[in-house]
Amino acid sequence: MRMTQLYSTTLREVPAEAEIASHQLMLRAGLIHKVSMGIYTYMPLGWRTLRKIENIIREEMDAYGGQELLMPVVSPADVWQESGRWWVYGKELMRMKDRHERDYLLAPTHEEIITTTVRQDIRSYKQLPLLPYQIQTKFRDERRPRFGVMRCREFIMKDGYSFDRDEEGLAVTYRKMHDAYTNMFTRCGLNFRPVAADSGAIGGEGSHEFMALSEVGESQILFCNHCDYAATDEFASVDPVPTGVGEEMKEIVRVETPNCKTMEQLAELLKVPSDRAVKSLCYVADEKRFILVLVRGDRQVNEVKLNNALDCFELRFATDEEIRAHGMEPGYCGPVGIGEDVEIFADREVPLMVNHECGGVQKDFHLLNVNYQRGDYRIDKIADLALVEAGAKCPICGAPLDSARGIEVGQIFKLHTKYSDKLHCVYVDEAGEEHPMVMGCYGIGVGRTMAAVIEQHHDENGISWPITVAPYEVLIVPVNDKDEWLVEQAENIYRSLGKQGVEVLIDDRKERPGVKFNDADLLGFPIRVTMGKKCHETGNAEIKIRETGEVLEVPVDQVVEKVLELKASMLAALQGPYAWEE
Ligand code: ATP
Ligand code: MG
């Protein structure tokens, strides 16, 4: 490709809304074009990278038994009503009607469509296992689209679904997908980590999120430096560390605490460290249940865990009016003397704590020396509800956990029979008996992966693509277009690389060298061949490696050979760790 013909516009100024490097660079380098909030066009250079990521995904899926197909973006509502998700998905689901007033939606995911397809087509155990997948547009009307294609509304996802006859089969498929994902993200040049993740109300050891490590990541992950434990903060679970254990239980004291609504104010006034207090928070679940949640005073409630413990669809904080309607004063909530109209959920530490402090229910009062074990209050359900933070003990080896931020680029998930039960997707075994198929699902955000690659591979001058996903592998920059010999040499190298299967771009614009070099650094092609003024005198071209900044002087007639060698070694460094299986 010639730069003069390339449909590409680089920008000097980036819109203020682009807060993170990848978003800014994708706009500056002209890889994407914003059409509407959270809706983007991939421009030719961006699309080349996107397709390369897709192809890496495709190759690995196929190598591990996947079969690509393509489902429609528009789904009829009926199968979503059959699974029940039509009513619980909330506002992210873009619903619409056709000319006959029938309900449809823009699919945010495809469990319903694939499960009802498979239930029609597949009858026998002999036809299993199956692993269909697609790479296709999804729509989610996100509450807060941001960071460009990292969290947008229309995005391209690879979504795969597995159908096995039993749990053993699912375990094998799941492990294969774990390997395939490891290969894919390694080949994309990402520094990532698979971490144990929350698998919703389904529970069990059933999900991993693949996290590209990055400060701008929206997820917090906890990991151990001494063993291989790693989990999202939503899923991490550590042993309870109750305070006051071993002390003799003391009489409850009711103390006046005017205008003391936060843990910090309280700790200051009463001289009670916050880990000796119990924090009480009020939630409303599914608009009908009122819940008082208790955690140790220095902990945060993990709402994902709470959601699972409540087994609810929607969860929000209660309003002050709702709190008062349940007999408590906002800021002074506590469990002592609370009526049956309030469900009391406590984190595992709380019932073990001795002589703890808590809100006194009435305005301007707190209680000291409260003890669940003495029967001072009731708890309806004890569960793991606290957010785990760095420094907590590793649940496997006991070392202090470390934390980091990550971008969730993919997730693999054991669905078991959640959808096959609801949608009656069954097979018949050797004995003629019917069983629900055992399913898994496997997603990757293709655009988000591209953004994550840029987050990890850029500097102040621009992008620095790993060769596997670069829009072009090599850029040739002849800097003196008046020198015929030089232009001819550059054209020869261009043609010859192209013939040998190298993806090469030549900057044939009549621009100053500075402009060409700036654009080269911004667009970030891994190998740049520069043929400057000195080239004619010395007979040498300059090969610059974008990532390291290393410059090699190479005789013009050896440039092709050297580029091929560099390309091969760059590719070799980005191979997946797992061998393909039959
Ligand atoms: P998130 O928690 O970030 O909203 P999710 O867990 O809801 O994502 P999944 O349903 O697991 O997403 O979708 C599979 C993959 O699709 C995710 O791992 C992510 O890479 C990608 N993805 C999800 N939502 C978006 C989005 N709004 N924009 C871009 N990619 C997305
Ligand atoms: Mg996910």
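How many positive and negative side chains does the protein have, and how far apart do the centres of the two sets lie? There are 68 positive and 95 negative side chains, and the two centres lie 3 Å apart. In this count Lys and Arg are positive and Asp and Glu negative, while His and the chain ends are left out. Each charge is placed at NZ of Lys, CZ of Arg, CG of Asp or CD of Glu.

Before we go on, a word about what you're looking at. This is a predicted model, in which local features need pLDDT of at least 70 and side-chain atom pairs count only at pLDDT 80 or more, while totals for chains, interfaces and linings use all residues. Residues are numbered from 1 along each chain as its sequence is written, chains are lettered from A and ligands numbered from 1 in the order in which they are written, and side-chain values use heavy atoms, with hydrogens and water left out.

Let's start with the whole thing. The C-alpha atoms fill a box of roughly 95 × 65 × 50 Å along the principal axes. Inside it you'll find 15 helices and 31 strands; these are DSSP runs numbered from the N terminus, with helices (H or I) of at least four residues and strands (E) of at least two. Of the 582 residues, 53% count as buried. Buried means under 20% relative accessible area, exposed means over 50%, and partly exposed is in between, using a 1.4 Å probe and protein chains only. The protein exposes about 26,600 Å², and carbon and sulfur atoms supply 49% of that. Those areas come from the Shrake-Rupley method with a 1.4 Å probe, and for residues only the protein chains shown count as cover.

How does the chain meet itself? Take contacts between residues at least 6 apart in sequence: 70% of them join residues at least 24 apart. A contact here means heavy atoms within 4.5 Å.

Now to some single residues. Arg-48 sits in helix H2 (residues 44-63), and it counts as partly exposed because its relative accessible area is 24%. Follow the chain for 423 residues and you reach Pro-471, yet the C-alpha atoms of Arg-48 and Pro-471 are separated by 5.1 Å. Leaving aside residues up to four places away in sequence, Arg-48 touches Pro-471, Tyr-472 and Glu-503.

Leu-27, in helix H1 (residues 21-28), is buried because its relative accessible area is 10%. With residues up to four places away in sequence left out, Leu-27 touches Leu-11, Val-14, Pro-15, Ala-18 and Ile-32. Gly-66 is 39 residues from Leu-27 along the chain, and their C-alpha atoms are separated by 34 Å.

Next comes Met-328, in the loop between helix H9 (320-325) and strand E17 (343-347). Is Met-328 buried or exposed? It is buried, because its relative accessibility is 3%. Among the residues it touches, beyond those up to four places away in sequence, are Cys-282, Phe-290, Leu-292 and Val-361.

Helix H11 (residues 446-456) is largely enclosed by the rest of the structure, because ten of its eleven residues are buried. Those buried residues include Val-446, Arg-448, Met-450 and Glu-455.

Glu-408 (OE) and Gln-411 (OE1) coordinate the magnesium ion (ligand 2) at 2.0 to 2.3 Å. Donors are N, O and S atoms within 2.8 Å of the metal (3.2 Å for Na, K and Ca), and sites may look incomplete because water is not among the atoms. Glu-408 counts as partly exposed because its relative accessibility is 24%.

Finally, look at the backbone. Most residues other than glycine have a negative phi, and most peptide bonds are trans. Glu-101, though not a glycine, has a positive phi of about 65°, and it lies in the loop between strand E5 (94-97) and strand E6 (103-106). His-424 has a positive phi too, near 50°, and its loop runs between helix H10 (418-422) and strand E22 (426-428). As for peptide bonds, a cis one joins Leu-128 and Pro-129, with omega about 0°. You'll find Pro-129 in the loop between helix H5 (111-121) and strand E7 (132-139).
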